[in-house]
Amino acid sequence: MSNTNSTELPLWVQDREQVIANDEGVEWRDGTRPDYSHNDRVFQQERKYHHPEGSLEAIAHNLVRTFEMEASNKTNPQQWLSVVADKFRMSSNGGKEYTAKETAEQGTYNLFIGKNKHYNPEEETFKSSFETFHTAFPDGFLWEVMEVLSGPPNVTFKWRHWGTFKGNFKEYQPTGETIEMVGMSIARLTEDLKILSVEHYFNNSKFIKDLTAGGCPFHSQK
């Protein structure tokens, strides 16, 4: 895997902050640019992998973080730089494929968490899901690439997602423990490194199970 000169790379596979700064005409969800400064400080302290600038790992890392930022904060998918909006599809564990529009409207938590006794995505909105998990993980539910297994146009990579359970998750009290998931994804890219489709594979029941395993429900407290 040879390195690529970062100055020659498209904006959407450079640092996420560069994408945020180039926002002329962007329809931000809350009317203003998102601020990831606190999350980024925590990320730098807790990350386990430091990939060389311009490596395939660094490119995949930047692309996915840009996509997550855009899906979470840009209301108009046509303004997402990281994907081909009209063709984009996303799925998890071989399940339903979602469009960019569905991702923008429902949010990734609601698309990837199966219905269970602790969380019902059918009853959640984009806003309610964001508030629920931002409360549980005030430092962010962070993400990084572990390893790239194959290069473009079909990029297969392993990743980890983690956060410290510092706030309430619905009726469950925080434990202060790190909640972590690992998984693998296959992203199909255009020649200029935009996402056409992405398939995620991970244990999507473990996340909620870990969140509710140690914290005590409020109603059980005296």
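Against which elements do the buried residues of α7 pack? In this predicted model, the partners are α5 (108-112), α6 (126-136) and β4 (178-189).

Helix α7 covers residues 206-213. Its buried residues are Phe207, Ile208, Leu211 and Thr212. They span an arc of only 115° around the axis, which puts them on the same side of α7. The face turned away from that buried side carries Lys209 and Ala213, and these residues are exposed. A general rule of helix geometry applies here. An α-helix has 3.6 residues a turn, so residues three or four places apart point the same way.

Phe126, Ser129, Thr132, Phe133 and Ala136 are buried in α6. Viewed down the helix axis, these residues fall within an arc of 135°, so they line one face of α6. The buried residues of α6 pack against α3, α4 (100-106), α5, β3 and α7.

The largest nonpolar core has 44 residues. Phe133, Phe137, Phe157, Phe207 and Leu211 have the most contacts inside this core. Helix α3 (residues 56-73) gives the most to the core, with 6 residues. Leu211, in α7, touches Phe133, Phe137, Phe165, Phe169, Tyr172 and Ile179, leaving aside residues up to four places away in sequence. A second core is separate and has 6 residues, including Ile20, Val26, Trp28 and Met69. In soluble globular proteins, nonpolar side chains tend to be buried together.

With residues up to four places away in sequence not counted, Asp23 touches Trp28 and Arg33. Trp28 belongs to the second core. Is Asp23 buried or exposed? Its relative accessibility is 16%, under the 20% limit, so Asp23 counts as buried.

Leu149, Met184 and Tyr201 make a nonpolar surface patch of about 230 Å². Leu149 lies in strand β2 (residues 142-150). The relative accessible area of Leu149 is 43%, and the residue is therefore partly exposed.

Most residues other than glycine have a negative phi, and most peptide bonds are trans. Which residues does a cis peptide bond join? The pair is Pro152 and Pro153, with omega at about 10°. Pro153 is found in the loop between β2 and β3 (154-164).

Positive phi values occur at Lys170 and at Leu193. Phi of Lys170 is near 50°. Lys170 has its place in the loop between β3 and β4. It counts as partly exposed, because its relative accessibility is 32%. Phi of Leu193 is near 70°. Leu193 is found in the loop between β4 and β5 (195-202). Leu193 counts as buried, because its relative accessibility is 14%. Neither residue is glycine.

Note on methods. Residues numbered from 1 in each chain as written. Predicted model: local features only at pLDDT ≥ 70, side-chain atom pairs only at ≥ 80, totals over all residues. Heavy atoms only, no water. Core = buried A, V, L, I, M, F, W, Y, C linked by side-chain atoms within 4.5 Å. Buried < 20%, exposed > 50% of the residue type's maximum accessible area, 1.4 Å probe, protein only. Helix = DSSP H or I, 4+ residues; strand = E, 2+ residues; numbered from the N terminus. Contact = heavy atoms within 4.5 Å. Arc of directions from axis to C-beta. Patch = residues over 30% accessible without salt bridge, like charges linked within 9 Å, V, L, I, M, F, W, Y side chains within 5 Å. Areas by Shrake-Rupley, 256 points an atom, 1.4 Å probe, with all protein chains shown as cover. Salt bridge = Lys/Arg side-chain N within 4 Å of Asp/Glu carboxyl O.
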